[in-house]
Amino acid sequence: MLLGESYVADRQLATAVFLALRLERPLFIEGEPGTGKTEIAKVLAHALGAELIRLQCYEGLDVGLAAYEWNYARQMLEIRVREAAHEGREQIARELFSERFLIARPLLRALQAHGTPPVLLIDELDRADEPFEAYLLEVLSDFQISIPELGTIAAARAPVVVITSNRTREIHDAVKRRCIYHWVDYPDAARELEILRRKVPEAPEVLSRQIVAFVQRLRTLELYKLPGLSETLEWGRALLALDARVLDPDTLDDTLGMLLKYQDDLARVRGEEARRLLAAIGEAADG
Ligand SMILES: Nc1ncnc2c1ncn2[C@@H]1O[C@H](COP(=O)(O)OP(=O)(O)OP(=O)(O)O)[C@@H](O)[C@H]1O
Ligand SMILES: [Mg+2]
């Protein structure tokens with residue numbers, strides 16, 4: 001199913017995805033930047049013909065933006081209208097906290113969906129604050145949200161939940177325990193080549209092999225930030241745009257910024273080191 005969407009997964013990731021779907025458990029994917037964590041949710045939604053509901057996490061994300069919020073403006077308006085019609089206070093108060101006045105944010109929307117269960121992507125959870133993780137526990141274990149003024153809203157069918165983290169901090173055990181955990185590493189050369197072939201099919205075979213061999217070697221250096229898969233693909237597209245058929249030292253120096261995004265790393269690799277790596281992959285290919 002993943003391959004059908006041009007997503008090349010190894011057996012362990014495929015197993016984790018299968019189990020998440022079969023056991024209706026959230027999938028927790030942690031790993032290096034640019035290794036296909038967010039993509040897996042997109043691909044799943046497309047393959048399942050499901051809606052993708054995305055919650056991008058950031059510092060300060062709160063329940064009001066993640067789960068639900070009361071529509072105060074609309075409630076105020078309702079009060080005015082009803083007071084003008086001389087309705088009793090108690091009756092007004094009772095009806096103000098009904099679903100009609102509730103604004104559903106991603107978490108609630110995922111639980112309220114009808115038909116095919118949606119894919120709920122909770123992206124980069126490590127950027128959110130810890131109290132938000134605690135809030136997630138109820139959603140993740142029971143697929144429900146408790147709203148004090150209204151009661152509990154539970155999903156008719158469990159949504160497919162994908163949580164990602166770049167591990168800038170550890171996510172609490174309680175969250176992880178409710179999920180199927182998978183760590184994504186940088187792909188090995190064979191898988192990276194396969195992904196490059198699928199995602200940038202216009203690239204000549206020789207060039208693709210050189211790209212992958214070079215990036216794989218680059219990842220063995222002690223750099224501040226190693227290039228991810230997205231960098232490999234972007235670099236491939238850049239080399240094509242420059243009509244490069246093979247890697248040569250000058251093109252390499254000119255396009256290194258597609259792979260390395262820190263000045264220190266660039267300064268370290270550009271020039272001699274890049275030439276050394278290029279020579280090394282040349283020898284490997286010859287041998
Ligand atoms: N296994 C894969 N098969 C095919 N394409 C992939 C795979 N992994 C990643 N990609 C491609 O690499 C790019 C980056 O993937 P994605 O955005 O999912 O990374 P990420 O792990 O979420 O990165 P970040 O941590 O920066 O958010 C995407 O364009 C995606 O198409
Ligand atoms: Mg991502």
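The second largest pocket is lined by 13 residues. Nearest its centre lie Arg209, Gln210, Ala213, Ile281 and Ala285. Helix 9, helix 10 (205-218) and helix 14 (272-286) each give two or more residues to this lining. The model is predicted. Ligand 1 sits elsewhere in the text below: its site is the largest pocket.

**Second largest pocket**

- The space in the second largest pocket comes to about 240 Å³.
- Its lining has ten nonpolar residues, two polar residues and one charged residue.

**Largest pocket**

- About 620 Å³ of space lies in the largest pocket.
- Its lining counts 30 residues, and those closest to the pocket centre are Pro33, Gly34, Thr35, Gly36 and Ser230.
- Helix 2, helix 9 and helix 11 are the elements that give two or more residues to this lining.
- Helix 11 supplies the largest share, with five residues.
- By class, the lining splits into ten nonpolar, nine polar and eleven charged residues.

- Which pocket holds ligand 1? Ligand 1 sits in the largest pocket.
- The shell around ligand 1 has 18 residues.
- Gly34, Lys37, Thr38, Glu39 and Lys199 are the closest of them.
- Gly34 brings a backbone N or O atom to 2.7 Å from an oxygen atom of ligand 1.
- Glu39 has a polar backbone atom 2.7 Å from an oxygen atom of the ligand.
- For Gly36, the distance from a polar backbone atom to a ligand oxygen atom is 3.1 Å.
- How much of ligand 1 does the protein bury? Taken alone, ligand 1 exposes 630 Å², and the protein buries 82% of that.

**Ligand 1: make-up of the shell**

- Helix 2 (37-48), helix 9 (189-199) and helix 11 (229-241) are the elements that give two or more residues to the shell.
- By class, the shell has six nonpolar, seven polar and five charged residues.

**Enclosed space**

- How many cavities of 30 Å³ or more are there? The count comes to one.
- The largest cavity has a volume of about 30 Å³.
- Its lining is made of Val17, Ala20, Leu21, Arg25, Leu27, Leu44, Val160, Val161 and Val162.
- By class, eight lining residues are nonpolar, none is polar and one is charged.

Conventions:
Residues are numbered from 1 along each chain as its sequence is written. Chains are lettered from A and ligands numbered from 1 in the order in which they are written. This is a predicted model: local features need pLDDT of at least 70, side-chain atom pairs count only at pLDDT 80 or more; totals for chains, interfaces and linings use all residues. Side-chain values use heavy atoms; hydrogens and water are left out. A residue is near a molecule or strand if one of its heavy atoms lies within 4 Å of it. A polar contact is a pair of N or O atoms within 3.5 Å; within protein, one must be able to donate a hydrogen and the other to accept it, and residues adjacent in sequence count only if both atoms are side-chain atoms. Accessible areas come from the Shrake-Rupley method with a 1.4 Å probe; for residues, only the protein chains shown count as cover. On a 1 Å grid over the protein atoms alone, a cavity is a set of points where a 1.4 Å probe fits but cannot get out, and a pocket is an open set with protein on both sides within 12 Å along at least five of seven lines; lining residues have an atom within 4 Å of a point. A molecule sits in a cavity or pocket if more than half of its atoms lie within 2 Å of its grid points. Helices (H or I, at least four residues) and strands (E, at least two) are DSSP runs, numbered from the N terminus. Ala, Val, Leu, Ile, Met, Phe, Trp, Tyr, Cys and Pro count as nonpolar, Asp, Glu, Lys and Arg as charged, and the others, Gly among them, as polar. Grid points are joined across faces, edges and corners, and a volume is the space filled by probe spheres set on the points.
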